Amino acid sequence: SSNSAATFFENAAYLASGPRLYRIELDGAFTQIGDYRDRGISYFHHNIDAGKFGLILEANTPSYFESVDIEVDPYSGRILKTWNLADIISAAMRAGGDDPSQFVYPTPNDWFHNNSVAYNRADDSVIVSSRENFLICLDYDTGAIKWILGDPTKKWYQFPSLRRFALTLTPGSHP
């Protein structure tokens with residue numbers, strides 16, 4: 001995985017390098033707007049995506065590899081929202097009577113492999129791509145799972161607590 005990510009947002013380029021976020025103006029001005037080491041972030045990976053109020057970054061932490069997303073203010077770098085997919089999925093599994101230790105694993109395991117996040121204004125949700133598993137839709141404010149779109153032959157589908165969120169596909173279609 002790369003230790004950097006970049007995007008263009010509101011007339012500036014943003015570069016995440018290690019646990020830091022930089023804003024690069026069109027005139028070349030270069031400003032560090034955030035350093036997230038004190039928030040337990042080792043480095044950012046894959047994408048920087050537009051969020052509800054700012055930028056969503058995919059973060060690695062010492063506890064979980066590629067399964068934490070944060071939304072930050074694009075000017076101050078202040079963290080606006082955090083979604084820890086390990087915590088969210090573990091809670092849903094426990095609530096549904098399943099043992100999350102059979103699916104959610106700590107670092108160095110790449111159980112989730114977060115590739116990108118999309119904010120959906122239509123229903124105020126975030127859709128998170130887990131390359132190894134599925135697309136998962138979360139309520140923006142609560143982090144509650146709304147739905148999961150994924151291959152039912154993968155491990156996640158073996159757990160009734162997660163399977164209950166699976167979208168029903170049209171016969172003959174593929175996730």
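Colleague: What does the charged end of Arg163 sit over?
Modeller: The ring of Tyr157, with 5.5 Å to the ring centre. A charge is taken to sit over a ring if NZ of Lys or CZ of Arg is within 6 Å of the ring centre and within 35 degrees of the ring normal. This is a predicted model, where local features need pLDDT of at least 70 and side-chain atom pairs count only at pLDDT 80 or more, while totals for chains, interfaces and linings use all residues. Residues are numbered from 1 along each chain as its sequence is written, and side-chain values use heavy atoms, with hydrogens and water left out.

Colleague: And which ring does Lys81 lie over?
Modeller: Tyr140, at 5.9 Å from the ring centre.

Colleague: Back to Tyr157. Which aromatic cluster is Tyr157 in?
Modeller: One formed by Phe103, Trp111, Phe112, Phe134, Trp156, Tyr157 and Phe159. Rings of Phe, Tyr and Trp (its six-membered ring) pair if their centres lie within 6.5 Å; planes under 30 degrees apart count as stacked, over 60 as edge-to-face and the rest as tilted.

Colleague: How many aromatic pairs by that rule?
Modeller: The count is 12. Take Phe103 and Phe159: the ring centres are 5.8 Å apart and the planes stand at 55°, so this pair is tilted. Helices (H or I, at least four residues) and strands (E, at least two) are DSSP runs, numbered from the N terminus.

Colleague: Are Phe103 and Phe159 buried or exposed?
Modeller: Both are buried. Buried means under 20% relative accessible area, exposed over 50%, partly exposed in between (1.4 Å probe, protein chains only).

Colleague: What about Phe134 and Trp156, how do their rings pair?
Modeller: Edge-to-face, with 5.4 Å centre to centre and 85° between the planes. This pair also links distant parts of the chain, with Phe134 in strand S11 (residues 134–139) and Trp156 in the loop between S12 and H2, 22 residues apart. Phe134 and Trp156 are both buried.

Colleague: Why is S11 called largely enclosed?
Modeller: Because five of its six residues are buried.

Colleague: Which strands does S11 pair with?
Modeller: S11 pairs antiparallel with strand S10 (residues 125–130) over six bridges, and five bridges join S11 to S12, again antiparallel. Two strands pair if DSSP finds at least two bridges between them. Phe134 is the bridge partner of Ser130, and Leu135 has Leu149 in S12 as its bridge partner.

Colleague: What is in the turns?
Modeller: The S10 and S11 hairpin has three residues between its strands. The hairpin of S11 and S12 has five, and Gly143 in that turn has a positive phi of about 80°.

Colleague: Where is the cis peptide bond?
Modeller: From Thr107 to Pro108, with omega near 15°. Pro108 lies in the loop between H1 and S9. For background, most residues other than glycine have a negative phi, and most peptide bonds are trans.

Colleague: Last one: which strands form the other open sheet of four?
Modeller: S5-S6-S7-S8, in that order and antiparallel. Strand S5 (43–50) and strand S8 (79–84) are at the edges. S5 pairs with strand S6 (residues 55–60) over six bridges, and His45 stands opposite Glu58.
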